[in-house]
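Reader: Could you walk me through this model and tell me what stands behind each term you use?

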There are 2 protein chains.
Amino acid sequence: MKWWGWGVEGVGFHHEDKPGFAPFVQKAVGLDLWAGERTERPDFSELKVPASRAPEEFVTVLSGIVGAGNTVVDDLSRVVHTYGKSLRDLVRIRAGEIARSPDVIVYPADEAEVQSVVDAAVEADAVIIPFGGGSNIAGSLEPHPDESRVVVSLDLGRLGRVLEIDADSGLARIQAGALGPDLEAQLNRDGWTMGHFPDSFTHSTLGGWVATRSSGMQSDKYGDIADIVKGLRVVRAGGVLVIRAVPSASTGPSVREMVVGSEGRLGVITEVTVQVHRLPERRGIYAYFFKNLDHGLAAMQEIAESDVSPSVTRISDAHETGFSLATSKESKGIQKKAQAGLMAYLKRRGWNLDEMCLSFIGFEGGEAHAKRQKSLADRIVRKHHGIGVGKGPGALYDQKKFDTPYIRDFLLDRGAAGDVSETAGPWSKLRGIHAAVYEAADRAYEKIGRKGWTMSHMSHSYHSGACLYFTFAFVFGDDPLGEYDTVKRAIQQAFLDAGGTISHHHGVGLEHAPWLEEDISTQGVAIMSGLFGAADPGGNFNPRKIVV
Amino acid sequence: MKWWGWGVEGVGFHHEDKPGFAPFVQKAVGLDLWAGERTERPDFSELKVPASRAPEEFVTVLSGIVGAGNTVVDDLSRVVHTYGKSLRDLVRIRAGEIARSPDVIVYPADEAEVQSVVDAAVEADAVIIPFGGGSNIAGSLEPHPDESRVVVSLDLGRLGRVLEIDADSGLARIQAGALGPDLEAQLNRDGWTMGHFPDSFTHSTLGGWVATRSSGMQSDKYGDIADIVKGLRVVRAGGVLVIRAVPSASTGPSVREMVVGSEGRLGVITEVTVQVHRLPERRGIYAYFFKNLDHGLAAMQEIAESDVSPSVTRISDAHETGFSLATSKESKGIQKKAQAGLMAYLKRRGWNLDEMCLSFIGFEGGEAHAKRQKSLADRIVRKHHGIGVGKGPGALYDQKKFDTPYIRDFLLDRGAAGDVSETAGPWSKLRGIHAAVYEAADRAYEKIGRKGWTMSHMSHSYHSGACLYFTFAFVFGDDPLGEYDTVKRAIQQAFLDAGGTISHHHGVGLEHAPWLEEDISTQGVAIMSGLFGAADPGGNFNPRKIVV
């Protein structure tokens with residue numbers, strides 16, 4: 001991973017083949033893309049990296065456990081392990097702001113080595129921060145600036161194997177450090193899939209998904225990570241927590257559901273037993289247009305309440321639909337004519353194309369099942385005046401969905417912020433949340449005196465509600481993080497005030513911790529603090545995350 | 001509820017209209033039902049009830065909160081609130097064994113009164129045991145015999161209303177003391193159902209279901225209570241824990257999933273927001289016969305892995321099938337001939353009727369959906385040589401399922417034990433668990449020198465596994481509880497040794513606590529103990545349950 005941005009070196013977003021993009025950005029936030037990059041890529045040699053505070057004896061102890069080659073203290077490794085990839089992280093790293101870095105990074109080879117590292121670290125009263133793909137955007141990875149103890153980043157990069165598949169039960173035992181593509185490749189080889197595809201998929205790990213309560217875009221069928229995880233192994237001071245992979249149990253408060261979302265505070269997740277499914281015979285994501293968001297949401301809600309079982313339900317609001325159309329590659333020939341024809345037809349039907357919303361609905365399973373689900377969903381779509389436009393845009397979305405984070409770096413290169421914030425709420429409150437966030441963001445843009453842009457989609461449907469996912473952008477003024485905070489805070493507060501939660505699938509970390517009490521109540525925070533305090537009396541495991 | 005047994009006075013099991021029952025029992029456990037009752041119903045006036053230890057001033061404080069009429073210390077009320085309805089509870093109450101009773105019972109009218117009672121009790125360092133329907137069979141209700149503090153039984157009987165239905169989201173806010181039938185009646189009136197029907201349905205409450213991680217017989221469609229519960233209000237010392245009803249959230253370890261299964265240790269559940277569904281257009285439970293358990297389990301497993309979405313999947317093993325047929329009412333005329341014809345046909349097909357297994361599969365939803373699900377399931381059943389026998393037996397099962405607990409009292413009246421023990425495991429381990437439990441029970445019967453009977457069914461299917469539910473029976477010798485313990489312990493240990501959990505939906509209480517560490521590991525118990533200790537430092541909330 002790039003130390004200064006998303007993904008691998010040499011890959012990035014570019015707009016040369018997307019003629020609609022530059023005019024769109026100009027109009028949305030007043031940024032002239034033809035003017036080129038405003039900021040220079042940061043130079044690693046100019047970065048002031050705080051020196052490692054790990055005493056030599058302690059590094060020797062760690063080397064004795066994982067080997068000298070797997071115990072590193074060099075600056076580049078320590079910088080890579082300092083932050084996740086939130087906008088705040090990227091702005092700080094580009095500005096050379098590193099208040100506190102991990103002092104040493106270890107790469108254990110197996111659970112026994114993780115146990116030895118954990119025991120040695122606790123014995124030395126060091127801090128342990130588990131590290132997976134490093135894609136976190138909730139501030140769950142950075143050491144606290146005031147941390148005076150030695151900080152160990154425990155990188156699970158060497159624990160990436162699918163260990164066993166119980167074919168009868170569809171249960172796979174997988175090491176926690178497995179990255180999305182590696183994990184799926186190993187499962188696919190034997191005809192299985194886990195069906196978990198978050199936007200961070202290419203650069204995030206199974207252990208990270210569990211630790212942050214991740215959700216993938218096919219969660220309508222496969223469930224959130226909390227549903228997918230059946231068994232767990234978590235290394236704690238003095239021993240391994242083992243949760244058996246049983247389908248359901250009545251054994252008191254769910255320890256499994258305490259580990260899910262724990263962001264390292266209850267120990268180091270080393271192994272996860274997950275539900276896997278046979279690769280579906282048929283899989284398709286279909287695109288639809290709705291006249292406006294209201295009609296589209298009504299259709300999604302009716303589908304969620306019905307007997308239909310789609311794998312994906314998603315609808316972009318008008319702003320995001322405009323953005324999607326603007327980031328499409330230039331269509332040519334017949335395709336271009338077909339598109340123009342469709343738009344002309346919709347206009348004749350009385351649609352205002354500025355209010356039009358693009359939706360994706362996915363179906364998976366046996367041939368007959370997928371076909372039938374589609375026909376049932378189509379009937380509901382038609383009832384709400386939606387129009388199916390086939391598999392083309394869906395296939396494109398499917399291919400490109402993991403590329404979105406690259407746009408953030410593209411914008412940062414040009415002195416602009418583009419970031420995301422997401423929530424979930426009951427169906428009855430989604431329209432209210434949507435309106436409240438737009439209003440709050442607009443007020444915030446006004447406050448910071450910048451021209452801002454907000455867009456959103458609904459995804460991850462449940463019987464009782466769904467996730468609303470917002471993207472916001474503006475060109476930085478003089479105080480990038482101050483301006484960012486003003487907008488981000490306004491949006492988070494709007495979630496809570498309108499009846500949503502502070503996050504549907506990004507986690508809490510440091511970023512959302514200020515709102516936790518308002519979300520789960522004072523007593524909820526008291527229970528959670530009590531849990532962390534009792535489970536880790538020395539505060540050695542990723543301290544001050546989730547609750548301070 | 002009867003103080004000495006299950007259900008309401010005047011209702012009980014009888015076998016006069018079931019000609020097969022007496023011979024069956026004679027053969028199974030050597031009990032002669034024609035000999036009549038061996039034991040007399042206990043006489044309340046002979047019961048030695050420990051005196052209430054509640055100081056008058058404390059009772060006055062409580063009366064000041066809930067009113068004098070809702071603060072009771074009489075012996076009958078205190079006896080009714082002493083135990084749940086486990087076999088151990090019934091044997092003890094019939095023998096007049098009451099080591100410790102609650103000292104005072106309060107019936108608050110609303111959450112504010114619950115808060116005042118809780119605060120007063122904690123202030124006085126009293127013990128609070130929440131009480132719902134009193135149907136618990138895991139020993140979650142009884143005060144510890146050594147408890148020297150005043151024990152308050154907090155009965156939620158006056159909090160039984162459906163407060164609000166959010167029709168858009170299918171979310172109902174319901175008071176925790178609502179009994180199953182009352183709750184469903186209130187929901188049905190507006191066209192809704194919660195779809196949660198545990199065997200205890202008629203005498204258990206919403207709060208109790210949540211506190212013990214209950215599961216109902218239609219869990220394949222509606223989910224376990226952990227899935228159904230979206231929001232919660234829990235009164236704790238000093239304030240109310242409020243979990244918002246959002247469909248899913250990434251807000252750290254799930255406090256909602258800590259309250260579910262907490263058996264009163266984290267506070268008093270006063271209100272629950274649950275997922276409700278429109279009453280289905282069509283609902284049916286169909287019966288099938290399989291040649292043996294192996295074929296039947298294979299069919300259930302294939303259904304669970306397929307695109308089929310049934311509401312109920314259940315298969316009795318050969319012993320339980322024999323029992324079901326024996327407890328059927330005498331069939332007459334055409335029905336009798338049809339039955340005889342079916343059996344003759346199966347014999348001709350080479351079936352050994354002693355190995356035959358009865359299965360129920362339920363379907364719900366829109367007309368077309370239910371019909372289609374059935375046809376898909378039927379195809380899988382046929383593949384495994386199963387034979388459909390229509391809706392008759394399923395309808396009977398549906399009507400009679402809540403009557404089973406009455407059989408326990410019938411047997412106790414005749415000096416015999418009939419009790420249940422249940423687990424869940426992955427599909428790959430279910431056959432092993434089944435065999436291990438039979439073997440363990442047989443060894444236990446031999447050890448206590450009694451002729452014993454074991455039978456079982458699989459129910460509650462998940463993608464990765466299912467619940468196995470065992471019933472065991474024998475005629476008591478000289479040491480009823482000693483003999484019971486020998487058999488029960490052998491079965492629980494067999495669950496764990498063969499890869500199952502100690503309970504799928506009955507809870508932990510005192511009854512299963514000895515096995516918790518073996519199930520969720522030493523570290524799991526440490527985390528749970530830490531949670532309870534931190535959340536309730538004075539040990540005022542149902543202490544020593546789940547973990548000692």
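**Sheets, helices and copies**

Reader: What makes strand β12 and β15 of chain A a pair?
Author: Strand β12 (residues 282-290) of chain A and β15(A) share three bridges in the antiparallel sense. Pairing requires at least two bridges found by DSSP, so three bridges qualify these strands as a pair. One position to look at is Y288(A), which stands opposite G388(A) in β15(A). As for the names, strands (E, at least two residues) and helices (H or I, at least four) are DSSP runs, numbered from the N terminus.

Reader: Before we go on, what kind of model is this?
Author: It is a predicted model, where local features need pLDDT of at least 70 and side-chain atom pairs count only at pLDDT 80 or more, while totals for chains, interfaces and linings use all residues. Residues are numbered from 1 along each chain as its sequence is written, chains are lettered from A and ligands numbered from 1 in the order in which they are written, and side-chain values use heavy atoms, with hydrogens and water left out.

Reader: How do you know how confident the predictor is in chain A?
Author: From pLDDT, its confidence in each residue on a scale from 0 to 100. Chain A has a mean of 95, with 100% of its residues at 70 or more. For the complex, the predictor gives an ipTM of 0.97 and a pTM of 0.97.

Reader: Why are β15 and β16 of chain A said to stand at the edges?
Author: The open sheet has seven strands, paired antiparallel in the order β15-β12-β14-β13-β17-β18-β16 (chain A). β15 (387-390) and β16 (416-426) of chain A each have a single partner strand, so one side of each lacks a neighbour in the sheet. Neighbouring strands here are turned by 20° against each other on average, direction ignored.

Reader: Which helix lies across β17 and β18 of chain A?
Author: That is α1 (residues 21-29) of chain A, which lies across β17 (452-461) and β18 (465-475) and runs at about 110° to β17(A). Helix α12 (residues 318-326) of chain A also packs on the sheet, touching β12, β13 (312-316), β14 (357-365), β17 and β18, at about 100° to β17(A). Touching, or contact, means heavy atoms within 4.5 Å. The angles run from 0 to 180 degrees between N-to-C directions, with axes fitted to C-alpha atoms, for helices over the stretch in contact.

Reader: What makes α4(B) roughly antiparallel to α18(B)?
Author: The axes of α4 (residues 87-94) and α18 (residues 480-497) of chain B come within 11 Å and cross at roughly 175°. Under 35 degrees counts as roughly parallel, over 145 as roughly antiparallel, 65 to 115 as roughly perpendicular and the rest as oblique. The label for α4(B) and α18(B) is therefore roughly antiparallel. L87(B), R88(B), V91(B) and R92(B) in α4(B) meet P480(B), L481(B), Y484(B) and D485(B) in α18(B).

Reader: Which strands are at the edges of the five-strand sheet?
Author: In this open, antiparallel sheet the order is β5-β6-β10-β8-β9 (chain A). β5 (162-166) and β9 (239-243) of chain A pair on one side only, and the twist averages 10° from one strand to the next.

Reader: How do you know how the two copies are related?
Author: Chain A can be laid on chain B with an RMSD of 0.0 Å by a turn of 180° and a shift of 0.0 Å along the axis. The copies are thus related as by a two-fold rotation axis. L531(A) has the C-alpha of chain A nearest that axis, at 2.3 Å. Superposition is by least squares on the C-alpha atoms of residues with pLDDT of at least 70 in both copies.
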